[in-house]
Amino acid sequence: MQFARRDFLKLCMYMGAGAVATYYAAEIKQVFAQVAQQNGGSVHLIWLPMGGDSGCTVSMLQASNPNLIEAAQNLGLSADFWDTFMTPDYQLGSSGWITAGMTTEDQSQAPLMNAAFGDATVDVLVIEGTPQLGTPNGGSQGDFCTIGQYNGQDVNAYTLLQKLAAKASWVIAVGQCSSFGGIPAGKGNLTGAVPVTEALKTAGVTTKNPVVNLAGCPAHPDWTLITLASVLQGFTPDLDDLGRPTAFFSRYIHDSCPRRGYYDAGQFASNFDDPECLWDLGCKGPITVSACAETKWNGGLSFCTQAGPMCWGCMHPSFPDPPTSSFFEALPHFPGIDIPTLELAGAAAVVVGAGLAVGLTLKSKKGDKPEKKEEKTATGAPAQG
Ligand code: SF4
Ligand code: SF4
């Protein structure tokens, strides 16, 4: 099957692209090559690390349609800064891994500092990890995460975020931490961790295009590359009100779960070895919007509820706080109690502050179809119970 580039990306971004990504790998590579041709050379990418564990970078190594090297080559991507991958000798360039010849820390940081404070182009800014706006030891806002030095002065990641986001053509928050705060912004939140959108709003920074949130702990690598391909050819993804591409975030996992038949039949597992529905073991698939069950992971091989464990709700805006936790605690189902009563009970448990809505899936009795509501906030910030 042949796709025109634009048609293909439209298909991806509007029509539930996940399955497309799995079945049309060869065509996707062709589209990536066309995008590179259109861009006529190198596309400058800064992958900015903030509060996180680099898990989304590790996830990118599992990209399969195309893989990361093919994507870099076909998209003409030049990762001017991607610290986890950078070594003194090698860097991810548009021709694949290239000899970088950087022998000092200053040399490896130079492209980042030049992008933030100099005249270097930034086509795409990817943020991995959470902006931390706390002020440790009376320092500056953001000093929990200091990345390097410029003119002999320490520069923190929050300052870099502001400079780079204002300059970049596109800002993509990759992963749960940058999209919604994730684990660093979870209950307790000692570092003042907030989602990228909230950090930019606090700093009064406006971006050239809407920030794209690719939620997930980690982010899905194929969704990330397809989103990159889309924005690089000037195609604005259709985003939901939490800034997520609707192609990957429009249906509940529960809707396409391979165990759904057991759920409908009212058959529930009591051990992770059992084949039945994982509701009673804490599955959060019924309240989590994502295309995991459609695209699956690792080249379309499998995903959480198919492989054995339940869905943790790692793409739910409130993860890891309630209602996604406690992780092994079942979502409420109260036989004989009606939905309005449950809604009130759920709201009391998860709402924090004015304007936050509740994320709660309700089930009146085993086997009943649940009413599903994913939590939404104005800023994308997670609710903390
Ligand atoms: S509750 Fe979880 S395991 Fe059961 S059908 Fe829904 S998503 Fe699948
Ligand atoms: S199935 Fe659930 S826990 Fe697994 S990756 Fe998808 S959203 Fe995260």
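Strands E1 (residues 43–49) and E2 pair in the parallel sense over five bridges, where two strands pair if DSSP finds at least two bridges between them. Helices (H or I, at least four residues) and strands (E, at least two) are DSSP runs, numbered from the N terminus. This is a predicted model, in which local features need pLDDT of at least 70, side-chain atom pairs count only at pLDDT 80 or more, and totals for chains, interfaces and linings use all residues. Residues are numbered from 1 along each chain as its sequence is written, while chains are lettered from A and ligands numbered from 1 in the order in which they are written.

**Sheet**
- Leu45 has Ala79 of E2 as its bridge partner.
- Five strands form an open sheet in the order E2-E1-E5-E8-E9, with parallel pairing.
- Strand E2 (77–82) and strand E9 (212–214) are the edge strands, each pairing on one side only.

**Cis peptide bonds**
- The bond from Cys217 to Pro218 is cis, with omega near 10 degrees, and Pro218 is in the loop between E9 and helix H10 (221–232).
- The bond from Ser325 to Ser326 is also cis, with omega near 5 degrees; Ser326 is in the loop between helix H14 (304–307) and helix H15 (339–350).

**Positive phi**
- Ser54, a residue other than glycine, has a positive phi near 65 degrees and lies in the loop between E1 and helix H4 (55–60).
- Lys296, not a glycine, has a positive phi of about 60 degrees and is found in the loop between helix H13 (292–295) and H14.
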